[in-house]
Structures are given as C-alpha cells and as structure tokens.
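The sequence and structure come first.

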Amino acid sequence: MADAPTRRPGPDVLHDLPDPGVGLQPDEAARRLAQYGPNVLGVHRAASPWRILLRQFLSPLIFLLLVSATVTALLQRWIDTVSILLVLVGNAAIGYWQESKAEREVAALQSLTAPRARVVRAGVTSMVDASALVPGDVVLLESGDKVPADLRLVQSTGLRVDESMLTGESVAVSKAAGAEAGDRELAFGGTLVATGRARGFVIATGAATQLGEIDRLVRSVRTQTPLQLIIDRLEKRIGWVVGFVGLFVLVAGLVVGLTPGDALLTSIALAVATIPEGLPVALTVAMSIGVTRMARKHAVVRSLPAVETLGSTTVIASDKTGTITENRLTVERVWTPGGIRTVGAEAPDLPSDALDVLRAGALTNEAHLDPSDGTLTGDAVDVAIARAAIHAGAVTAAEFAAPPAAHLPYEPELRSSQSVRVRPDGTRVLYVKGAPRTILDWSTAMAVADGGGAASVDPRAVEAAEHALAEAGLRVIACAARELAPDEPLPAELGVPGGLTFLGLVGMVDPPRPGVADAIRRCRSAGIAVKMLTGDHPKTAASIGERVGIESSGPPITGAEMAEISDHELVARLQETSIVARVTPQDKLRIVSALQQHGEIVAVTGDGVNDAPALRLASLGVAMGRSGTDVARESADMVLTDDDFVTIVDAVEQGRVTFGAIRKVAFFLLANAVAAPLAVALNLFTDTPLLFLPVQVLWFNLVLNGLQDVAIAFEPGEGGELEAAPRRRDAGLLSRDVWTRIVVTGVWMGMCVLVTFHVALDAGYEIEHARTLAMTVFAFLNFFQAGTARSERRSVFALRPWANPLLLGAVVLQALAVWTVPGQQILGFVPLSLRDWLTAFLVGATVLVVAEIDKWIRRRRAA
C-alpha cells in the first residue's frame with residue numbers, strides 16, 4: 001500500500017482563503033500541491049504475484065517439507081527430493097491460482113473514484129483531475145457530482161448530500177453555507193450530491209479528509225481467521241511430534257547397532273513418513289472447492305482460509321443500509337383524513353384523496369426522469385414520492401417532466417420545497433411538501449375523505465397520524481396545495497406560503513431486501529446471532545429489525561450511550577439487544593473488538609466506507625460488490641457480487657461443509673501418520689530388514705494418501721449443517737473423540753502392516769515380496785479408512801457407497817505399481833498372487849470394523 005499524504009493545511013491556509021469567485025492562482029496551486037501532496041488516499045494495491053506465491057509457503061508443515069527436501073538432496077536421495085518438491089509445487093500452484101483469481105475478480109469491481117472536479121482558478125472554471133486539488137481551491141458542485149475533497153461551503157442552493165457511505169444513513173443530508181450552519185456547512189469527500197448546487201473551499205485533501213481518517217483505521221487492524229489459528233496450532237504440534245520421532249528413531253537406531261549414516265537416513269525417512277505431506281494440499285483443495293461452490297452462489301472469496309470462517313461464525317454484525325435493506329427509499333403508506341392507505345405493487349388502488357397527496361409530492365420535486373428507460377435519479381425522498389405517484393397514476397410521466405411555472409428547492413430553513421404548476425385549463429396550483437409541523441402551520445384547511453372539499457384543520461389528528469407513522473419507523477413528509485387566484489401575481493422568488501389546504505402525510509422507508517427475514521431465521525437456527533449496526537435513527541432501526549426478525553429484548557443501543565459505558569457493559573447490552581443505531585466507524589470497531597474479546601467469532605458485512613475498519617478487524621469481512629465502495633471491498637475477505645444478505649447464509653452453510661471436509665481429511669491423514677511411523681519404528685527393534693524403503697514410504701504418503709485425501713475433500717455436506725451450533729472458539733480442528741479414533745485406528749493399521757510383513761517373512765517370502773504385500777495391505781487399510789472418514793458419526797453403511805468413486809484410486813494405483821514394470825523397477829515391488837490380494841483385502845477391511853465399533857459407541861453415548 002502506497003503512503004498517502006498526511007500533512008494537513010494550517011490555520012494560515014484555511015483563514016487566508018481567496019475570493020470564491022476567483023480562486024487560487026495556478027502558481028499558488030502548484031506550490032500547495034508540492035506542499036500537501038496529491039488528493040489521493042493510500043492506494044490499496046492488489047498483492048503482487050510474487051507475494052501471493054510466497055504466501056503459499058508460510059506454514060510450519062511446508063517449512064518441515066522444505067527441510068526434508070534439503071536433507072534428502074544433501075544425502076543424494078534424488079527420488080525422495082523430487083517427490084517432496086512435487087508436493088510443495090502442487091500446493092503452491094493450487095493456492096496461487098485460487099488467490100490470484102480472487103484478486104482479479106475483486107479488482108474488476110473497483111469503480112468508486114472521483115477522477116474529475118470543477119474548480120475555479122484565476123477566475124476561470126475548468127475541469128481538473130481530482131488528485132490535483134489542494135487546500136484553498138474553490139470547487140463547484142451540482143446534482144450528481146461526487147464531492148472530490150472535504151469542502152467548506154460558501155454558497156449553496158437546495159444542496160442535499162447522500163452521506164450513506166460515511167454514516168450509514170439512507171436519507172440525504174441538507175447542507176448550507178455560513179458559519180451558523182455548523183457541520184452542515186461541510187461537504188465530505190466521497191459523498192454524493194443528491195440535489196442542489198454549491199460552491200466551497202477545499203479544507204482537506206487525501207489522508208487529511210474524513211475518508212482518510214477511516215482509511216487509516218482500515219490499515220491499522222488485521223486479524224487471523226479461526227481456521228488459520230487452528231491450523232497454526234496443529235502444524236506446530238505436528239512439528240514437535242516429527243522432531244521427537246526423528247530424534248527417537250536416530251537414537252534407537254544407534255542403540256540397535258546401525259551405523260550413524262544408516263541411523264540418520266532411517267530417522268529422516270521416518271520423519272518424512274510422520275509428516276502428513278498431503279495435509280497442505282488437501283486443505284488447499286478443500287478450501288478451493290468451497291471457494292468454487294461459493295462463487296456459483298455470488299460470493300467471491302479473496303483468501304482461502306476465509307471460506308471456512310463463516311462456518312464457525314457466532315455473530316454476524318451487519319450494516320443496515322444497502323445490506324439488510326435495499327438502500328432505496330420507498331413510499332409505503334399515505335395518510336389522509338380518510339385513514340392510512342398502503343402503497344405498493346400488491347396494494348389495492350388508492351382513493352382520490354391519497355392520489356392527491358402523492359400528486360402534490362411529485363409536482364414539487366427535483367428528481368429527474370430519464371425518458372429512455374423511465375429511471376428516476378436525484379434526492380432519495382423526491383425519487384421515492386415521484387416513483388410512487390407515477391406508479392399509482394397520480395401523475396403522468398409527461399406531467400412530472402413538465403417544467404414548473406415557479407420552483408423553490410428544499411430549503412433547510414423553511415424545511416420545505418414548493419412549486420407552482422399550470423393545469424391544462426390554465427389554473428395555477430401551488431404545491432408544497434416538507435416537515436409536517438411546518439406544513440400544518442401554513443395550512444388553513446384540510447382535505448376531507450375522498451376529495452369531497454375541505455374542512456377545518458385538525459392538528460391533533462395530523463400529529464397522531466405522524467406519531468403512528470414515525471413509530472413504525474417511517475420517514476414522514478407532509479403535502480399541501482393551494483389554487484392561486486387568476487389575478488394573483490407570481491413572485492420572482494417563492495417565499496413563505498400561506499392559506500394552504502393540508503392534503504395528508506407520506507410515510508417512507510428503506511425496505512428490507514427480499515429473503516432477508518428468512519435468512520436471519522436460518523442464522524438463528526444455526527446458532528448465529530445477527531446484530532444490525534446503522535447510522536439511522538433508533539426508531540427506524542428498530543422498525544427494520546422487527547420486520548426482518550432481528551430479536552431484541554431491549555431498546556437499541558446508540559453511539560451516545562456507548563460513549564458512557566465500558567466494554568463489559570457494552571457486551572451485556574448487546575446480549576439484550578441486537579440493534580445499534582447512530583454509530584460511527586469507531587463505534588463499529590469497538591463493537592467488533594468487544595465481541596471478539598468476549599470469545600465471539602465475528603463476521604461483519606457492509607458496503608460503505610464507514611464499514612471498512614470493522615470489515616478489516618473482523619474474523620471475516622463481507623463487502624457488497626455492486627453497491628459497495630472500493631474501500632469496503634479492499635478491506636473485506638469476501639465480496640458478495642449480488643449484494644444479497646441471503647447469500648451470506650448460503651456461505652455459512654458452505655463454510656461448515658468445508659470445515660467438515662477439512663476435519664475428515666485431517667482425521668484420515670493423521671491416522672496414517674500414526675500407522676506408518678509406528679510400524680517402521682517397531683520394526684527397528686526386530687531382527688528384520690527395513691519394513692519399507694524410503695521411496696515406498698513416499699509412494700504411500702504422496703500418491704496413495706494424496707489421492708485419497710483429495711477425494712475426501714470433494715465430499716459433499718452430510719445435511720443439517722445449519723441445524724448445529726457454531727464451533728466453540730477454543731475448539732481445535734479435531735474433537736477428543738476424533739483424536740481417540742485417530743490413535744485407535746492408526747495403531748490398528750500400523751500393527752496390521754507390521755504383522756503382515758513378519759508373517760510373510762516367516763512364511764518364506766522374499767523381502768521384496770513381503771514389502772509388496774505389506775504395502776498392498778496398507779493400501780486396502782487406507783481405502784477402508786477413507787470410507788469411514790466420510791462421516792464422523794454416521795455408519796459407512798448408511799452412506800451411498802459409490803458416491804465418491806475417487807476413493808478407489810489408491811487401490812487402483814497400488815495394483816498398477818505392483819503389476820507394471822516401472823512400478824517394480826522404481827518402487828521395488830513384485831507381482832502378487834490372487835491369495836495375496838485376497839489377504840490384503842480382508843486384513844484391510846478390519847479397520848472398518850474397528851472404526852464402526854468406535855462410531856457405534858459414540859452414538860450410544862450421545863443418545
């Protein structure tokens with residue numbers, strides 16, 4: 001990540017500002033550019049190919065394999081060296097391909113930039129690269145612009161800015177010039193101008209902006225995923241075991257009379273046998289399969305370990321706007337003296353009085369209608385009312401698009417907007433919409449039900465209706481109208497209106513996405529708590545939470561309340577309620593950190609810049625691909641290309657399937673890692689030749705085991721993954737029961753191989769024949785052990801026997817090695833008789849009996 005400029009403009013720059021009509025001189029702008037640096041954040045560059053490749057070797061197991069390859073090369077055991085290096089290259093190739101593919105897919109989503117800005121310099125307005133802006137520049141804004149830097153406004157007309165990417169609030173914020181406006185006189189870089197026009201001075205660029213502050217938070221946090229922590233612990237333990245086994249065999253070899261060279265070679269061969277070389281490859285394959293399956297369901301995973309993390313997640317902390325909701329304000333209800341009516345595609349036709357309300361709201365409106373496709377753009381409130389009015393037939397597209405006779409955009413001081421429209425008969429009508437209390441004060445009459453004239457204003461009825469809509473979490477706007485007299489002059493600028501007829505109220509909400517409620521229900525059944533974090537008002541947040549089924553026994557927590565309580569108290573409140581409102585990026589970080597310290601595995605979802613620090617700190621960050629910002633996507637471990645919260649639940653299920661496959665692979669490989677060293681080590685204390693040659697040990701570990709563990713990685717889910725509780729944070733990769741089964745079946749397999757070898761020698765078999773039979777027995781033991789590994793508790797006889805034909809691969813390969821000349825010459829095998837093959841099959845099947853007895857005992861205890 002490249003460094004961004006961090007120097008902030010001093011008081012002399014911010015107070016010695018140029019004439020807003022003239023701006024900076026070009027030479028002064030150049031001087032300030034050199035002083036403060038370009039107006040860019042630290043560039044989050046995609047990882048270089050070399051960095052992605054090197055990441056594949058950052059593992060204790062991989063390090064042990066590199067050491068083993070080095071030692072075998074020094075001993076000139078070239079076949080052993082090449083075999084180990086093939087494993088390393090294969091693992092690195094799979095991991096590199098998957099991670100570089102994800103980097104490319106995320107890079108293709110990046111589009112949130114502000115490449116150009118309109119700036120006034122030396123009295124001339126021109127378009128310049130936004131990166132060339134400096135403190136003191138005069139910037140012009142209009143509807144649809146992205147604010148290119150932090151600005152202090154000096155002129156504004158009806159300016160409303162969408163700050164949802166920073167605050168999470170779905171409604172545009174009114175801005176106004178003048179010191180008395182406070183924070184409202186500031187427009188922040190990266191936000192979007194919904195309506196209006198403005199002129200302002202640049203007061204901060206690059207890393208000194210609000211966006212830059214969040215960027216610094218993003219860069220300051222990073223955590224390991226639960227799977228990475230578990231695998232790190234497992235690999236370190238395996239490393240200690242390998243070292244102990246190697247030292248033990250070296251000493252034992254010297255004690256029984258081997259030469260130092262032979263003892264060292266045997267020690268290295270046994271250490272290599274103890275290392276489950278296939279584990280890194282199998283883990284990579286299992287996670288890659290999970291990545292592929294998730295990609296089919298619109299989830300791009302940026303790093304392989306992240307594919308499992310959702311499966312172990314206990315809390316999903318989700319942004320509301322654009323994640324749980326559509327980020328599209330929608331008219332849901334209309335109140336008139338005739339009552340509350342529901343608006344929507346499935347709602348009945350609206351009566352005339354409700355249509356009059358929507359008509360008034362649509363005809364004093366700054367939304368823009370694209371005639372080519374009918375889309376509406378502009379302020380969220382204006383777009384919502386216009387869309388509802390056109391859809392309900394309150395106005396036609398032509399009426400809406402016609403220019404007004406007079407218009408006053410939304411003014412924060414008046415808390416309203418107004419327009420004069422001319423009917424086909426020449427009658428002029430003043431339409432006004434705004435804050436209910438304001439519109440009520442300007443009204444002298446109120447429409448009656450079904451458009452039957454007007455009556456006296458009933459403030460109590462209006463206030464009761466407004467309260468009811470607000471309690472439902474709706475944003476409430478009032479609409480009124482007045483027919484102008486034929487001789488009434490039209491002022492050049494509309495002022496404070498009067499004599500209005502109060503028509504009614506419009507209730508709007510950013511509705512939940514389809515399927516979110518069901519997804520949250522599925523999360524609950526899976527033991528995952530969903531917390532909704534938003535910058536919106538607590539009532540709005542509580543209403544949305546109730547709609548989608550987010551359970552809370554207490555009122556929402558607010559950012560202000562968080563400032564007054566400790567982290568311990570915060571966690572206690574989060575156990576009472578699942579909704580947090582009016583939060584800042586720092587609040588989100590604190591929530592994630594507090595939950596993690598409490599032992600939770602937290603996945604964070606979001607789409608805005610304000611979500612980025614929490615996305616990065618979380619065990620797993622999930623960003624939106626379509627509506628998400630570049631900063632959010634770059635901070636996330638996974639990107640949802642369809643922006644659908646429902647996809648997360650599918651990812652949770654696949655994550656659990658993936659972790660189940662990893663557990664199965666680990667069980668299979670570790671049982672073999674017990675069996676092979678045990679048989680070889682015990683054979684040292686007998687007066688017989690080596691049980692297996694080093695190349696035969698590698699054949700078993702790399703080829704036979706390698707094919708089987710990859711086959712197990714392809715196992716589908718067993719079903720019911722979302723019915724189980726999440727894995728405990730302190731739980732290892734394998735449970736105590738599985739470790740017991742590893743030891744029992746590993747010892748059984750090792751003894752079966754050793755006994756077969758000695759019985760064959762006692763029966764007069766040549767050493768090559770005995771080794772071939774022992775290895776074939778091991779291959780069949782391996783086959784049946786792989787079958788039992790397909791399910792931790794279910795009997796192998798309850799599974800579809802041929803659902804995974806790859807499991808037969810080890811037996812087929814062993815047969816080819818025994819029957820073909822290359823196998824005999826390279827591996828030292830000899831052909832076997834039919835009796836030998838039958839013996840190997842029957843002995844191999846015994847491990848199935850041992851494993852099934854162990855499963856039966858576990859099922860009886862759990863019943």
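## Hairpins

Ala117 stands opposite Val128 in S2. The two strands concerned, S1 (residues 116–121) and S2 (residues 124–129), run antiparallel and are joined by 6 bridges. Strands count as paired here if DSSP finds at least two bridges between them. The hairpin of S1 and S2 has 2 residues between the strands, and Ala122 takes a positive phi near 55°. The model is predicted: local features need pLDDT of at least 70, side-chain atom pairs count only at pLDDT 80 or more, and totals for chains, interfaces and linings use all residues. Residues are numbered from 1 along each chain as its sequence is written, and side-chain values use heavy atoms, with hydrogens and water left out.

His407 has Ser419 of S15 as its bridge partner. Between these strands there are 4 residues, and Arg415 in this hairpin has a positive phi near 55°.

## Chain totals

The protein chain contains 31 helices and 26 strands. Both are DSSP runs numbered from the N terminus: helices are H or I with at least four residues, strands are E with at least two. Of the 863 residues, 56% are buried. Buried means under 20% relative accessible area, exposed means over 50%, and partly exposed lies in between (1.4 Å probe, protein chains only).

Among the contacts with a separation of 6 or more, 74% are between residues 24 or more positions apart; a contact is a pair with heavy atoms within 4.5 Å. The accessible surface of the chain is about 35600 Å², and carbon and sulfur atoms account for 59% of this area. Accessible areas come from the Shrake-Rupley method with a 1.4 Å probe, and for residues only the protein chains shown count as cover.

## The open sheet

An open sheet of 8 strands has the order S8-S26-S25-S24-S9-S21-S23-S22, with mixed pairing. Strand S8 (299–301) and strand S22 (557–558) are at the edges with a single partner strand each, so one side of each has no neighbour in the sheet. Within the sheet, strand S9 (residues 315–319) and strand S24 (residues 602–606) run parallel and are joined by 4 bridges. Ile316 has Ala603 of S24 as its bridge partner.

Ile520 belongs to helix H18 (residues 516–525). With a relative accessible area of 2%, Ile520 is buried. Leaving out residues up to four places away in sequence, Ile520 touches Val530, Val548, Gly549, Ile550 and Phe645. Its C-alpha atom is separated by 9.8 Å from that of Ile316, 204 residues apart along the chain.

In helix H19 (residues 538–548) the buried residues are Ala541, Ser543, Ile544, Gly545 and Val548. They pack against helix H12 (320–324), strand S20 (500–509), H18, strand S21 (529–533) and strand S23 (579–581). Gly549 follows H19 and has a positive phi near 85°.

## Nonpolar cores

Which residues touch the most other members of the largest nonpolar core? They are Leu691, Phe692, Phe778 and Leu781, in a core of 68 residues. A nonpolar core is a set of buried Ala, Val, Leu, Ile, Met, Phe, Trp, Tyr and Cys residues joined through side-chain atoms within 4.5 Å. The elements that give two or more residues to this core include helix H10 (278–296), helix H25 (645–684) and helix H28 (767–789). H28 gives the most, with 14 residues.

Phe778 touches Asn672, Ala675, Ala676, Phe692, Phe700 and Val753, not counting residues up to four places away in sequence. Apart from this core lies another, of 58 residues, among them Val462, Val516, Ala526 and Ala603.

## A buried loop residue

Leu484 lies in the loop between strand S19 (475–483) and S20. At 8% relative accessibility, Leu484 is buried. Outside four places in sequence, Leu484 is in contact with Val420, Arg428, Leu430 and Leu490.
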